[in-house]
Amino acid sequence: MIPAFVAAMHPVHVVAMDHAATGVILSITLEPARLPDAAAVLDREGYLLEDVMASDLTEGIEVQYHFSLLDGPTRLVLRLIVPHDAPDVPSIAAIYPGANWHECECFDFYGIRFVGHPDLHRLLLPEDFEGHPLLKAPEARRSLGELMPSSYCRACGLAEPDTPAAASAPAVKTGPSDA
Amino acid sequence: MHAFDPTLLRGDRASVRFEPGPAEDKLILSMGPQHPSTHGVLRVMLELDGEYILRAEPILGYIHRMHEWMAEQRTYYQFMPNMGRVDYLQAMAWNWAYAGAVERLAGIEVPERAEYIRVIVAELNRISSHLVWWGAYLLDLGAFTPILYAFDDREVILDILQDVTGSRLTYSYFTFGGVYADVPADFAPRCLAFTQRMRSRLPMYRDLVTDNVILRGRCEGIGELSVDQARRYGATGPMLRGSGVASDTRRAEPYGVYDRLDFRIPVYPQGDAMARYLVRTDELETSCDIIDQAVAGLPDGPFAANAEDPEAPQGRSQLRRRGGSGENCRPRALRRQPQTLPGQAARAVLFQPERLLRIGQGRAAGRCRVHPGQP
């Protein structure tokens, strides 16, 4: 069941997930520009920001935000994909102050630039460290179609109905900012 | 010959923001990471006026080891010992978080005996972790004696767990589908003897420390955190329960056999350092209650599923696991292509900000992520 407030986030895709298998009940894919509004919606609904993390994929760098109400299986994940050559994501540190360090972490390891962050810096690596260690070589990257459950891929149009996601799954539509 | 660079004297990124100002009594202090109370892991830039802290900025990363990148180089099984190093005071929590996430992903059923053993060793480990917190917390507040009592009790737990796991601190006892070996024959009576001993010590802890007027003066009304602040900052565990939210992952998203056990969730509404202290000390008793029930219910049977060559479906999974100092113990988002578990090397990425010690919070956070193998 998809809560009513999800529509207010203007998601690209909303997919119900199996909590027993994934720990998440809802996956919400957003265009990056919609993120601050979506975070404000979740703030009003009383959600707690658990963390912000990223993955280096064929389609770009995927950033995931996990939110929960902590009173049961209520975790949902916001996803967005930004291109490798312009990894800009709006910061939500003004809405959720707890995002401040999470965003610094993602910058530290993936080089994601959180636009509007009050103090984006390397959180854990030395300040003179060069590069971002969790970025993969292009040939080591995998696509969402390979990594996500086939039910998710079908719901997002990454795979044809009834066919498991092939290794050469088409790139996910992520909105106008995707290169 | 290199020319002298005067900018070197300005210090690093954090210290340049703390300039001595016009105020006569203002003191700038870079405290840690080698200061005894920061335990080698935390540095805090401080602006002080006498004993009052006017401004503080925590600086992290001093024992960051990049477990995520290490996991990229190892198989699922090879990576398990790293879990004992994520929160070395409560290795069992991380063992469980990692094993549980892989089990969810691969669909491995855990035998009942293993589930009960997991609960017992995890709760024993939680008590030992809380005892270290209790002793060190009071040590940092200026009371030397309590840590000796705490370590005396903790020693009993370490002896029990040593006979179970072969280790005293960095356990690697869980395996996918159960635990690595069965418990010794005297395990159950020793656990019950320990909970009896622990309960008999708690009134002494209370008289010696909890009701002490100096402790009360240093904790009551200090570091108040409202429910809304806790939520927006992502505070969990005793931090959140000390702000009056009865949230416990063992109850909210039960894993293992916690849904069959009856236990109280300690909650204090004041939101100050004292409330968080009381939550943690009450949890010593809660863990004793859980151990007693789990020992009574410990069934016979296999201690591990036959998890040879399970098919891991592609996907991501996460298991939220209640840790000692917070509730963010949850290796998550495991993802891989279908392949057998012990076989081809999985490329894995794990990130864990060691113990993300925040001022006055003591919140441990971490997460990991496993990426599929290189072809």
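This is a predicted model: local features need pLDDT of at least 70, side-chain atom pairs count only at pLDDT 80 or more; totals for chains, interfaces and linings use all residues.
Residues are numbered from 1 along each chain as its sequence is written, and chains are lettered from A and ligands numbered from 1 in the order in which they are written.

Chain A is assigned domain 1 (4–132) and domain 2 (141–171), the bounds coming from an automatic or database domain assignment. Taken over C-alpha atoms, the centres of the two domains of chain A are separated by 22 Å. Eight residues from domain 1 of chain A and eight residues from domain 2 of chain A take part in the contact, two residues being in contact if their C-beta atoms, placed from the backbone, lie within 7 Å.

Strand β2(A) pairs with β1(A) in the antiparallel sense over four bridges, and with β5 (residues 76–82) of chain A in the parallel sense, also over four bridges; strands (E, at least two residues) are DSSP runs, numbered from the N terminus, and two of them pair if DSSP finds at least two bridges between them. In these pairings V15(A) stands opposite S27(A) of β2(A), while T29(A) stands opposite R79(A) in β5(A). L26(A) and I28(A) point one way from β2(A), S27(A) and T29(A) point the other way, and all are buried, a residue being buried if 20 or more other C-beta atoms lie within 10 Å of its own, with C-beta atoms placed from the backbone.

Terms used
A residue is buried if 20 or more other C-beta atoms lie within 10 Å of its own, exposed if 12 or fewer, and partly exposed in between; C-beta atoms are placed from the backbone.
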